[in-house]
Amino acid sequence: MGTIIEANNLRAYYITKAYGVERTVKAVDGITLRIQEGEVYGIAGESGCGKSTLLRVLLNAYNPPLTVVDGEVVYHLDGERVSAADMNEERQRDLRWRTLSYIPQGSMHVLNPVRRIRDSFHDFISAHRDVSKAESFALTAKYLRDLGLPEKVLASYPHQLSGGMRQRVTIALATILWPKLIFADEPTTALDVVVQRGVIQMLKDVQQKEGSTLILITHDIGVHANLADRIAILYAGKLVEEAATQTILESPRHPYTRFLIESLPSLDSREERLSIPGRPPALDRPPSGCRFHERCPLAKDICKTIEPALIEIAPRHFTACHVVEEELSHASA
Amino acid sequence: MGAKGSTMQLLKSYILPRVAQWAVVIFIGVTLTFLIPRFSPVNPVDDMIGRMTAFQTIDPQAVVAMRATMEDLYGLDGSLLEQYSNFWGRLLQGDLGPSFQNFPTPVNEIIAAGLPWTVGLLTTTIILGWLLGIFAGSLVGYNQHRRWAQTLERIVIVVYPTPYLIIALVLLVIFAFYWPVFPMTGGAQGTPALTWAYISSILRFGFLPGISLVIGGFAFRFIIAKALSTTEIASDYVQYAELAAVPKRRIVMSYVIRNTMLPHVNDLALSLGSMFEGALIVEAMFGYPGLGSKLFTAISNADYNIIMGIVLLSIVGIATGSLIVDLLYPVFDPRVRLR
């Protein structure tokens with residue numbers, strides 16, 4: 001399986017200017033990643049680490065003040081290598097929903113409140129396919145049936161559905177045209193755990209049915225553990241670790257990832273969980289060197305001045321940390 | 001719950017209370033119209049008769065009849081309760097008494113003569129200005145950053161605070177006086193008949209008063225529609241539909257406009273209800289034979305019966321307008337059903 005989307009040294013900043021004061025928030029700062037066709041790629045990190053910004057840029061759906069200042073996003077579409085920046089508006093609109101799709105957070109009001117669900121489906125389907133109303137209704141009914149959703153939601157208005165049902169309908173709406181690449185931004189946040197389980201199962205079904213690629217963004221490591229094949233850990237606009245899900249969960253290397261995993265409750269132990277000391281840095285003036293050094297118990301002098309590079313420490317396991325790098329060089333020496 | 005059950009539920013919890021509300025509003029309005037002349041410190045009948053006989057001679061027989069009707073109408077004859085019920089009795093029979101100015105022509109006849117002109121002129125112009133304002137305002141709100149949208153908005157912002165009588169005056173001077181393409185006063189030419197000549201003359205005479213009303217209504221509606229759509233385009237569902245590349249036309253129609261319809265429909269029904277007062281200034285200015293002109297003449301001549309008749313009509317009109325809006329709410333916003 002080949003790469004379907006890649007980001008090369010991507011830098012995306014929010015550049016605002018108010019009353020002559022320019023402010024730059026470096027939300028995505030030099031991220032490189034390659035996502036394989038058919039995999040579930042999880043992106044994790046705490047609030048304000050640039051997850052959603054990264055997703056907007058990968059989806060090629062961003063507006064000022066968000067600006068890509070460096071690097072590029074490249075799609076691999078039917079063997080063709082297309083840079084997101086080179087696509088005209090028509091090409092971009094054409095790709096949406098047929099190739100690239102987006103599942104927003106469940107608490108968002110993404111369904112038109114005065115339109116029946118089936119009419120919303122018709123709006124989205126007919127935007128990309130030449131179908132009559134009856135055809136899109138039939139298509140929608142079949143799809144909902146396949147996903148195990150009750151058919152009566154079709155004639156309902158959004159306010160008549162529960163939060164969990166609304167989120168499932170939104171997932172169906174986002175994937176009705178079988179997109180190759182699905183971006184999901186916190187799809188389970190704001191839902192209770194029982195409903196979360198249903199939504200996770202549904203995402204799995206949707207992804208497996210056509211072997212789509214799913215890029216899943218959530219702060220919830222539990223959801224990643226359930227769904228993702230690989231996980232990327234984002235910290236303050238940078239990728240600090242990337243590996244297979246099992247590796248991240250069982251043998252994380254970056255100190256931040258370790259804190260993240262250790263903070264998860266487990267069934268075997270009843271001791272109190274530690275939280276990560278300090279708070280995430282403000283991205284308009286990020287710390288020098290390694291962005292985590294202020295909160296890192298292992299930090300050395302080099303961490304304060306020199307930015308660590310993302311290196312492959314084991315097959316398909318990448319991390320950006322001076323301490324890990326040093327340990328490795330000692331081990332091999 | 002079956003379809004029949006929910007219909008009954010809708011009738012019971014939504015329609016009936018609103019119809020009751022409508023009846024109460026009309027009842028109070030009519031009662032006030034009855035009471036206000038009674039609370040006047042001067043005897044309105046003596047005042048009226050005195051004023052009418054001061055500068056002109058009126059047939060004594062007419063004065064006697066006038067006093068009788070006025071006493072009856074104003075509740076100065078018999079006990080208060082008696083007159084109140086008499087007042088209602090006459091009202092329900094559709095009897096509004098005679099006009100003082102054009103005695104003994106009944107007020108009904110005068111109102112009936114003006115009504116079609118006003119209803120024709122105002123229904124057309126109110127609806128036209130409303131529709132154009134919503135479309136243009138929402139389009140401009142949706143395309144805020146486009147050059148054409150900003151230009152249009154600037155023009156409307158200049159027009160909006162201009163009183164429509166100024167617009168009417170300018171139009172009158174230009175198109176009826178200096179460049180007489182449209183007639184200066186009147187409602188139509190020739191004998192009323194279903195001929196093209198007569199109908200086209202209605203359109204020709206109605207054009208200038210109509211266009212000044214449309215411009216005024218349009219500017220107001222435009223500004224409201226623009227403000228409403230500006231908040232609407234920031235909503236999650238509009239943003240999501242845009243992300244999904246749903247055609248812009250569909251987004252403007254089914255997402256932006258459709259979600260802002262509630263206040264627009266509300267305003268429309270109220271302005272349609274208030275049209276029974278006529279477009280006072282425009283009608284007076286263009287000598288248009290509608291209710292506005294009648295009201296204008298009635299006010300300057302203290303023709304109380306006509307004023308009361310028109311006031312009653314507009315009470316019923318506005319109350320009915322808001323009743324219709326209330327009943328239409330569930331059609332425009334499905335969420336209203338649950339409230």
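## Helix 10 of chain B

Two residues are in contact if their C-beta atoms, placed from the backbone, lie within 7 Å. The model described here is predicted. In chain B, the buried residues of helix 10 pack against helix 5, helix 8 (196–232), helix 9 (236–243) and helix 13. Among these buried residues are Ile251(B), Tyr255(B), Asn259(B), His264(B) and Leu272(B).

## Helix 13 of chain B

Helix 13 of chain B runs over residues 304–332 and has 29 residues. Its reach, first C-alpha to last, is 41 Å, close to the 42 Å expected at 1.5 Å a residue. A kink of about 25° lies at Asp326(B).

## The largest nonpolar core

The largest nonpolar core holds 140 residues. Leu58(A), Phe183(A), Ala184(A), Ile215(A), Leu216(A) and Ile233(A) touch the most other members. Helix 5 (residues 107–142) of chain B gives the most to this core, with 13 residues.

Take Ile233(A). Beyond its neighbours within four places in sequence, Ile233(A) is in contact with residues including Ala44(A), Gly45(A), His254(A), Tyr256(A) and Leu260(A).

## Where the chains meet

Contacts join 19 residues of chain A to 18 residues of chain B. On the chain A side, 12 of the residues are nonpolar, 3 polar and 4 charged.

Technical notes
Residues numbered from 1 in each chain as written. Chains lettered and ligands numbered in written order. Predicted model: local features only at pLDDT ≥ 70, side-chain atom pairs only at ≥ 80, totals over all residues. Core = buried A, V, L, I, M, F, W, Y, C linked by C-beta atoms within 7 Å. Buried ≥ 20, exposed ≤ 12 C-beta atoms within 10 Å, placed from the backbone. Helix = DSSP H or I, 4+ residues; strand = E, 2+ residues; numbered from the N terminus. Nonpolar A, V, L, I, M, F, W, Y, C, P; charged D, E, K, R; others polar. Expected span 1.5 Å × (residues − 1). Bend = angle between axes of the 7 residues up to and from the residue.
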